[in-house]
Structures are given as C-alpha cells and as structure tokens.
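Please look over the sequence and the model before reading on. The report that accompanies them is meant for someone who has not seen this structure before.

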Amino acid sequence: MAGLSLKNVIKRYGDVEVIHGVDLDIADRDFCVFVGPSGCGKSTLLRMIAGLEETTGGTISIGGEDVTNADPAERGVAMVFQSYALYPHMTVAENMGFGLKMTGHPKAEIDKKVGEAAEILKLDQLLKRRPKELSGGQRQRVAIGRAIVRDPKVFLFDEPLSNLDAELRVEMRVEIARLHRELNATMIYVTHDQVEAMTLADSIVVLNGGVIEQVGAPLDLYDDPDNAFVSGFIGSPRINMLNAEKSNGHLVLSDVGAGTLDVTLLGELPNRAVIGIRPEHFAETGSGGVPMDVQVTVVEHLGDVSFVYGQTKSGTNVVIERRGHRGTRAGETITAEFNPSKTLVFDADSGLRVR
C-alpha cells in the first residue's frame, strides 16, 4: 500500500476554476473521507486522483511517485463507483475477475485472487450467481471485490452506498470498516453524508467551494472546528447558531432573550459573533447555565433520546437533545439551559473560530 500527496492541485474547466490549489497529505493505510455539500469538488478531486479528470495544475503523488500525468491504469488505484456497473450476463466470479482477464493475467491467478476476495467479502457461496440474483448489498460487495483483486496501492470510493436503503447503508458501513481493517489498505472515500464520514474515517477532509476548510480526526473536527462552516457541517443534528454582540466586554445573545454570556477566550471578542451550541449541551433548568425559552414545533422520540425542534422568542430555530424525557409536546414552551463553557464562538464577519 502507499500514501498519497497533493501539492497545489488545481482544476479548471475553461476559465472556471473548481479546485483551488489543494494541498493534502494522506498517510499510508489511512481511511480518509472527503466530505462536503453537493458541488464542493469532492468527487472531482477523487477523479483527478484516479486519473479520470485531467489535472490543470499542481502534482499528485502516490507512494512517492509523481502520477499527475500517468494513465489511470498506471497509477495503482482501484475505484468503486456509486453505480455497481456489473455485467448482467456474467457470474459474480466473472465480474470480479474481468479486469484481470482483460489485462492478460493467467486464469489460475485470476481464480486465486477472486477466491481470496470472495472469502474476505463473504461472497464465496455466490460466485456462480448473476447480478439479478443478488441483493443491493451483495452487488456492492461484488463491485468492491472487483477492486480488491487488482491489489491496488489506493482504494477510491465515490459515494458507493448512495443507491442502498437505510438499513443496507448501515450494514455496508460496517462491512467497509471491517474491510479496511482486514486489508490494512489506504482508502479514500467520498460522501455527502457526514454520519458516514464520522463513523468510517481515520481522517476527514471537509471541502467547500473547491477548497479545504479543515482536515482532522472525526472527533477533533466535532470538538474543535476551525470555522462556522465545519462546525455546522459536522454533527447530526446540526449545531445551533445564535447571533451575539459585544457589550462591555461580554457577549449578549439579544436575539434569543438569553441575556449575557460570559466566555473565556484567548483571542479578543469580536464586535459581532455567532455562538455555536451543540444540541447535547443543553440541560434542564436549575443546572446553573444560561436559560433560554423555546417554543416547541416538532419532537423526534428515538427511544431514550429525543430531539426537540423549536424557536426562540425572536424566531431563531434551535434543536435540543433530551434524554429520558418523553412528555415534551409540540406547541408547548420549555426553558432549557446551556453551559457557556461548552459553546463555540465564531467571528460573524469572517466565520473563523475565536478561541
């Protein structure tokens, strides 16, 4: 296996630049996830690594070798697409080994590699079936097996679970995580689903408008985001964002009627701030935090945990996590408190974190 390095990578379509000088190092055997909203450039960047998109500027290196202008087949990568793209008239074994057959590998070697991949993916009892006889999850495993038999330096996944239903998505997330451990391989995975990113990744690359906003371990991005975009994108339900202004050395949450917020920061308080509060950082009244009245609009009861969606007096939308509470109803007004030490402070103009 091998690590990967991008240096000042640029992609233009005519006069339109969509990837803006990306610098990124992915360690050998890392499971790296590209995440971001639609149109942020994550799939384009993955296709550039694969050689399916021409690189306008910069260099791409795999295992220390410059592959910027190399053909896809010469890069040592294997890609799993959103579409399974299986040949309907071929068996599972034939689909998995087709790429090796086309490159002239001996039949004995193909059978050996297919058998090993099938055992890893628990497909060894299905090798004689055709795609129409398989479930969606089994078809996706065949597509992954087609990549495994090539023994690539880097595995590339482009939203491979998008076509699966919710239950199968969870099942395949577990399968892919297990596969990474067993193969001990370098993997790059593209998704718009931040839950997939948080559960699968060793490191997450958050992209926005063709630039990298932040790179880090999942919980590092959750606990210590660099800016408001990252804090809003990582976490489900989303972080609550409340406007505040500086007054006499304090922050005042005037738009929600929560009064003065005292926070300890190394940097100077901005004149205009956005305060981020995770849903789980609200508590019951009497906890000693900053109180806030919320009119409940919707309640999601998920068992022991419930998510209360509501609005403050000024109409600001908030989400509050409650555990062990089953009596909250839409239409009522509740008072919740949050701990100022748990809040994240961002400059309202730049969006950057004030630490």
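## Basis of the report

This is a predicted model, in which local features need pLDDT of at least 70 and side-chain atom pairs count only at pLDDT 80 or more, while totals for chains, interfaces and linings use all residues. Residues are numbered from 1 along each chain as its sequence is written, and side-chain values use heavy atoms, with hydrogens and water left out.

## The chain as a whole

The secondary structure of the chain comes to 8 helices and 20 strands, where helices (H or I, at least four residues) and strands (E, at least two) are DSSP runs numbered from the N terminus. Taken along the principal axes, the C-alpha atoms fill a box of roughly 75 × 45 × 35 Å. Of the 355 residues in the chain, 48% are buried; buried means under 20% relative accessible area, exposed means over 50%, and partly exposed is in between, with a 1.4 Å probe and protein chains only.

Contact here means heavy atoms within 4.5 Å, and among contacts between residues at least 6 apart in sequence, 66% join residues at least 24 apart. The accessible surface of the chain comes to about 16700 Å², of which 48% belongs to carbon and sulfur atoms; such areas come from the Shrake-Rupley method with a 1.4 Å probe, and for residues only the protein chains shown count as cover. The chain carries 37 positive and 49 negative side chains, and the centres of the two sets lie 6 Å apart. In that count Lys and Arg are positive and Asp and Glu negative, with His and the chain ends not counted, and the place of a charge is taken as NZ of Lys, CZ of Arg, CG of Asp or CD of Glu.

Two strands pair if DSSP finds at least two bridges between them. Strand β16 (residues 290-301) runs antiparallel to strand β19 (residues 333-338), and 6 bridges join them; within this pairing, Met292 has Ala336 in β19 as its bridge partner.

β16 also pairs in the antiparallel sense with strand β17 (residues 305-311), again over 6 bridges, and here Gln295 stands opposite Gln311 in β17. The hairpin of β16 and β17 has 3 residues between the strands, and in this hairpin Gly303 takes a positive phi near 105°.

Gly51 follows α1 and has a positive phi, near 90°. In the loop between α1 and β4 (57-62) lies Thr55, which counts as buried at 9% relative accessibility. Not counting residues up to four places away in sequence, Thr55 touches Val9, Ile10, Met48, Ile60 and Thr68.

In helix α2 (residues 92-102), the buried residues are Val92, Asn95, Met96, Gly97 and Leu100, and they pack against α3 (107-120) and α4 (136-148). Just after α2, Gly104 takes a positive phi of about 85°.

## Met187 and the cysteines

Met187 is found in strand β8 (residues 186-191) and is buried, with a relative accessible area of 0%. Leaving aside neighbours within four places in sequence, Met187 is in contact with Asp30, Phe31, Cys32, Phe155, Phe157, Leu179 and His180. Met187 and Val77 are 110 residues apart in sequence, yet their C-alpha atoms are 9.7 Å apart in space.

With a disulfide taken as a pair of cysteine sulfur atoms within 2.5 Å, the count comes to 0 disulfides. The sulfur of Cys32 is too far for a bond because the closest cysteine sulfur, in Cys40, is 13 Å away. Both cysteines are covered: Cys32 is buried, with a relative accessible area of 1%, and Cys40 counts as buried at 2% relative accessibility.

## Backbone details

The peptide bond from Ser236 to Pro237 is cis, with omega near -5°, and Pro237 is found in the loop between α8 (228-233) and β11 (240-247).

Asn8, although not a glycine, has a positive phi of about 50°; this residue is in strand β1 (residues 4-13) and counts as partly exposed at 42% relative accessibility. Lys122, also not a glycine, has a positive phi of about 60° and is placed in the loop between α3 and α4.
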